[in-house]
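Here is a short report on one structure. Keep the sequence and the 3D view open as you read.

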Amino acid sequence: MTEPVPVHQVPLTRKGWFISVEGIDGAGKSSHIQAMATALERQGHEVVLTREPGGTPLGEKLRALLLHDAMDALTETLLAFAARRQHMREVIVPALARGASVVCDRFTDATFAYQGYGRGVALQQLMQLEQWVQGDWLLQDIRQSEQGQTYVTPSPGVLQPDWTLWFDVPPEVAAARLQNAREPDRFEAEARVFFERVAAGYAQRAAAEPQRWIRVVSDAPREAVQAAVLSALTERGVLRKEG
Ligand SMILES: Nc1ncnc2c1ncn2[C@@H]1O[C@H](COP(=O)(O)OP(=O)(O)OP(=O)(O)O)[C@@H](O)[C@H]1O
Ligand SMILES: Cc1cn([C@H]2C[C@H](O)[C@@H](COP(=O)(O)O)O2)c(=O)[nH]c1=O
């Protein structure tokens with residue numbers, strides 16, 4: 001029996017982008033995600049707009065548990081990764097395989113920031129789970145099970161977004177924005193010091209992988225933030241320059 005070809009050695013056929021959007025609660029990311037999707041669609045992309053935790057019927061049930069039920073930090077981590085695995089199989093990988101772009105409101109960086117830096121779950125454990133859930137040997141399995149579709153990881157290792165937009169805002173600004181906006185969920189109800197740790201986690205991950213991360217200063221008027229998002233995507237060739 002011949003060995004399966006590792007996914008990263010299959011010729012790159014993917015046309016769409018995988019873009020994740022991150023930031024502490026109240027950073028303002030949800031306010032701009034639709035505009036990003038619309039800009040991509042105007043330039044001819046099929047766009048799948050989705051979110052984590054969530055994005056599938058099972059994932060949305062897990063989201064409700066994560067946001068509202070008290071639990072241990074490792075349980076939280078495992079539920080986030082369980083929802084992600086289902087999301088990848090049902091939504092993300094099939095969309096990328098057919099050439100669509102995926103814009104995802106949070107992905108694995110949120111688990112590192114919230115459960116790792118925020119709650120103190122060991123980063124090494126998170127890396128192991130990431131390898132399990134997003135490793136290319138598992139994507140190979142998906143490739144074989146969905147006939148006619150080829151998904152290719154850009155490089156060996158784990159499936160990661162091509163680009164991660166990080167809405168960076170001081171925790172006190174985010175807290176003020178959320179104060180009267182809605183009833184806080186379990187995360188939004190956390191103390192300032194928790195969000196300081198989460199924000200520091202995002203900053204460390206962004207510094208470690210500058211080729212993937214796009215920092216958007218979001219302590220600014222909405223229109224300025226939106227313009228910064230669209231121009232950052234244009235500078236990187238994600239959006240075409242329009243005359
Ligand atoms: N640039 C801005 N200036 C002032 N208020 C803003 C700005 N951007 C968003 N807001 C307001 O801040 C609140 C949080 O915004 P939004 O829901 O987009 O943040 P988020 O990052 O998606 O938060 P979460 O992750 O908790 O869903 C909303 O009430 C929104 O109207
Ligand atoms: C993916 C993911 C999310 N979280 C947290 C972060 C937020 O507080 C909520 C999601 O709410 P949002 O308003 O839609 O951003 O979940 C997390 O702790 N770990 C994760 O992996």
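## The shell around ligand 2

This is a predicted model. Start at ligand 2. Helix 4 (residues 108–118) supplies the largest share of its shell, with four residues. The shell around ligand 2 includes Ala110, Thr111, Tyr114 and Gln115. Also among its residues are Asp25, Arg51, Glu52, Pro53 and Phe187. Sorted by class, the shell has five nonpolar residues, five charged ones and two polar ones.

## The shell around ligand 1

Ligand 1 has 17 residues around it. Asp25, Gly28, Ser30, Ser31 and Arg177 are the closest. Helix 1, helix 7 (171–179) and helix 9 each give two or more residues to this shell. Its classes are six nonpolar, six polar and five charged.

An unreviewed UniProt entry lists a "binding site".

Is Ala27 buried or exposed? Ala27 is buried, because 28 C-beta neighbours lie inside 10 Å and the cut-off for buried is 20 or more. Ala27 sits in the loop between strand 1 (18–22) and helix 1. Leaving aside residues up to four places away in sequence, Ala27 touches Phe167, Val169, Ala174 and Ser218.

Ser30 belongs to helix 1. With 13 other C-beta atoms within 10 Å, Ser30 is partly exposed.

Which residues of helix 1 are buried? In this helix, residues 30–42, they are His32, Met36, Ala39 and Leu40. These four lie on the same side of helix 1, because they cover an arc of only 95° around the axis. The buried residues pack against strand 2 (47–51), strand 3 (101–105) and helix 9 (222–235).

Now turn to the face directed away from the buried side. That face of helix 1 carries the exposed residues Gln34, Thr38 and Arg42. After helix 1 comes Gly44, with a positive phi near 95°.

## How confident is the prediction?

The mean pLDDT of the protein is 88. Of its residues, 86% reach 70 or more. For the complex, the predictor gives an ipTM of 0.97 and a pTM of 0.91.

How values were computed: Residues are numbered from 1 along each chain as its sequence is written. Chains are lettered from A and ligands numbered from 1 in the order in which they are written. This is a predicted model: local features need pLDDT of at least 70, side-chain atom pairs count only at pLDDT 80 or more; totals for chains, interfaces and linings use all residues. A residue is buried if 20 or more other C-beta atoms lie within 10 Å of its own, exposed if 12 or fewer, and partly exposed in between; C-beta atoms are placed from the backbone. The arc is that of the directions from the helix axis to the C-beta atoms. Two residues are in contact if their C-beta atoms, placed from the backbone, lie within 7 Å. A residue is near a molecule or strand if its C-beta atom, placed from the backbone, lies within 6 Å of it. Ala, Val, Leu, Ile, Met, Phe, Trp, Tyr, Cys and Pro count as nonpolar, Asp, Glu, Lys and Arg as charged, and the others, Gly among them, as polar. pLDDT is the predictor's confidence in each residue, from 0 to 100. UniProt positions are given in the numbering used here, feature names are shortened, and annotations may be inferred rather than shown by experiment.
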